[in-house]
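Notebook open, model loaded. I want to jot down a few things I looked up.

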Amino acid sequence: MDDKLRATADQAMKGISRRNFIKGIIAGGVAASSATYLFRASLVGQQQPALSDRLITLNVNGQQRRVDVMKQETLAWTLRYKLGLTGTKLGCDRAECGACTVLLDDVPHYSCSVLTHTLRGRKILTIEGLAKPDGTLHPVQQGVIDEQGFQCAFCMSGFIMSAVGFLKKNPNPTRQQMALGLSGNLCRCQDYDKILTAMMRGAENMRKAQHV
Ligand code: FES
Ligand code: FES
């Protein structure tokens, strides 16, 4: 490289500030994550059957919801992006974290790992369907308020749905049994002790409510 060329290159490098460099990295990251969604969206758009074949009726939170579903679409995707029920969170999207837990016929399931079109005739319950129509919270939700459980709360709806499902089978668990019942849910804030206390309070609230 001759001196003139080197001087021009040095000048150009000086024009790239640290701030601009970092902005570039962030923009690249955004592009990469957008690409993931675009990739999934393009998969979703491939070789689809006629619209009449894709329309199914789901029972979600006690309501019949008619929805256009792709054959490879997961329940988490349908709930969040078709039905607007964003209380169901997507963490890992591969059956590891439990953030997407909902109840299917009263049993907790990872909604990121269930295909929506297989759920005709099943009863789907999400966090949005727990409170009563008058706004009274479910006893487990109230337990979270009573104990100020959770830090960022990203994992909260998954934990609550798992606890509600678990308490249907075992309404009077020990703390250890509850911990085992919730072992399919992870918390990135590592707030497990407080979460467990909140869920145990929820269990107590449920027992009290049944005796009122
Ligand atoms: S998002 Fe479904 S288990 Fe993590
Ligand atoms: S409270 Fe933050 S992920 Fe659980």
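**Arg65 and its surroundings**

I started with what Arg65 touches: leaving out residues up to four places away in sequence, the list is Ile56, Thr57, Leu58, Val60 and Leu83. Contact here means heavy atoms within 4.5 Å. One of those, Leu83, is 18 residues from Arg65 in sequence, and their C-alpha atoms are 8.3 Å apart. Arg65 itself sits in strand S2, residues 63–68 (strands are DSSP runs of E, at least two residues, numbered from the N terminus). Buried or exposed? Arg65 counts as partly exposed because its relative accessibility is 25%; buried is under 20%, exposed over 50%, and partly exposed in between, with a 1.4 Å probe and protein chains only.

A note on ground rules: this is a predicted model, with local features needing pLDDT of at least 70 and side-chain atom pairs counted only at pLDDT 80 or more, while totals for chains, interfaces and linings use all residues. Residues are numbered from 1 along each chain as its sequence is written, and side-chain values use heavy atoms, without hydrogens or water.

**Rings**

Next I looked for a charge over a ring (NZ of Lys or CZ of Arg within 6 Å of the ring centre and within 35 degrees of the ring normal). Arg188 lies over the face of Phe154, 5.0 Å from the ring centre.

**Hairpin**

Last, I checked S3 (residues 101–104) and S4 (residues 107–110), which pair antiparallel over 4 bridges; pairing takes at least two DSSP bridges. Thr101 has Tyr110 in S4 as its bridge partner. The hairpin has 2 residues between its strands, and Asp105 takes a positive phi near 50 degrees there.

Notes:
Chains are lettered from A and ligands numbered from 1 in the order in which they are written.
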